[in-house]
Amino acid sequence: MNASSKLAGAVARMGAKPAMAQTSRLPSSILRSTSIAGRHGLVLSQSRNVFAPTMMRSAMQSRGVVAETATAAILAAGKMQGAGLATIGLSGAGVGIGTVFAALINGTARNPALRSQLFSYAILGFAFAEATGLFALMVAFLLLFAY
């Protein structure tokens, strides 16, 4: 059993209020309005209670003022990961464009008389490959900025 659970049991037996129920405002140069910090459950100040100054401090979060909730942080991380995964399609578009123009060079080298016809086919293949890359980029931007 860790010290914080033993302390919680001792506090309950004595009928006193636990130290975590007391919240105070934190001075911050980043967050001007400290009322935001009081609404979220992530910010807990250092305990000024004489009963448990060291044991409860380890159970509390002591990393300073956090301006967003855990749910918002998880959502932002998911959006960034999804956008990063969506941009993998851009590498596929790059490979496709390289393949199209490599085939154009190969075909022109084999039969120089068909250069103009092969070039028009290459431009069409380039447009299709680039469109798939742009769709992947559009999905990444939608994930980041629309949701």
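Tyrosine 147 sits in the segment after helix 6. This is a predicted model, where local features need pLDDT of at least 70, side-chain atom pairs count only at pLDDT 80 or more, and totals for chains, interfaces and linings use all residues. Residues are numbered from 1 along each chain as its sequence is written, and side-chain values use heavy atoms, leaving out hydrogens and water.

Back to that tyrosine. With a relative accessibility of 69%, tyrosine 147 counts as exposed (exposed is over 50% relative accessible area, buried is under 20%, and partly exposed is in between, with a 1.4 Å probe and protein chains only). Setting aside neighbours within four places in sequence, tyrosine 147 is in contact with Lys79 and Leu142, contact being heavy atoms within 4.5 Å.

Now the chain as a whole. It has six helices and zero strands, giving the pattern α-α-α-α-α-α along the sequence. Helices here are DSSP runs of H or I with at least four residues, strands are runs of E with at least two, and both are numbered from the N terminus. Of the 147 residues, 19% count as buried. Among contacts with a separation of 6 or more, 62% come from residues 24 or more positions apart. The chain exposes about 10,500 Å², with carbon and sulfur atoms supplying 67% of that; the areas come from the Shrake-Rupley method with a 1.4 Å probe, and for residues only the protein chains shown count as cover.

Helix 6 covers residues 115–145, and its 31 residues reach 44 Å from first C-alpha to last, close to the expected 45 Å. That expected span is 1.5 Å times one less than the number of residues. Helix 5 agrees with the same kind of estimate: its 23 residues should span 33 Å, and its end C-alpha atoms are 34 Å apart.

What is buried in helix 6? The residues are Ala122, Gly125, Ala129, Gly133, Ala136 and Ala140. Their cover includes helix 4 (70–86) and helix 5 (88–110). In helix 5, the buried residues are Ala93, Ile97, Leu104 and Gly107, and what covers them includes helix 6.

Two packed helices are described by the angle between their axes and the distance between the axes. Here is how that works out for the two partners of helix 6:

| Helix pair | Axis distance | Axis angle |
|---|---|---|
| Helix 5 and helix 6 | within 8 Å | roughly 175 degrees |
| Helix 4 and helix 6 | 8 Å | about 175 degrees |

Axes are lines fitted to C-alpha atoms, for helices over the stretch in contact, and angles run from 0 to 180 degrees between N-to-C directions. Helix 5 is therefore roughly antiparallel to helix 6, and helix 4 and helix 6 are roughly antiparallel to each other too (the term applies to angles over 145 degrees).

As for who touches whom, the helix 5 side includes Gly89, Leu90 and Ala93, and the helix 6 side includes Arg115, Leu118 and Phe119. In helix 4, Lys79, Met80, Gly82, Ala83 and Ala86 meet Ala136, Val139, Ala140, Leu143 and Leu144 in helix 6.

The structure also holds two aromatic pairs. In one of them, the rings of phenylalanine 101 and phenylalanine 126 have centres 5.8 Å apart and planes at 50 degrees, so the pair is tilted (rings of Phe, Tyr and Trp, the last by its six-membered ring, pair if their centres lie within 6.5 Å; planes under 30 degrees apart are stacked, over 60 edge-to-face, the rest tilted). The pair links helix 5 to helix 6 across 25 residues. Phenylalanine 101 is partly exposed at 27% relative accessible area, and phenylalanine 126 is partly exposed at 30%.

How values were computed. Parallel < 35°, antiparallel > 145°, perpendicular 65-115°, else oblique.
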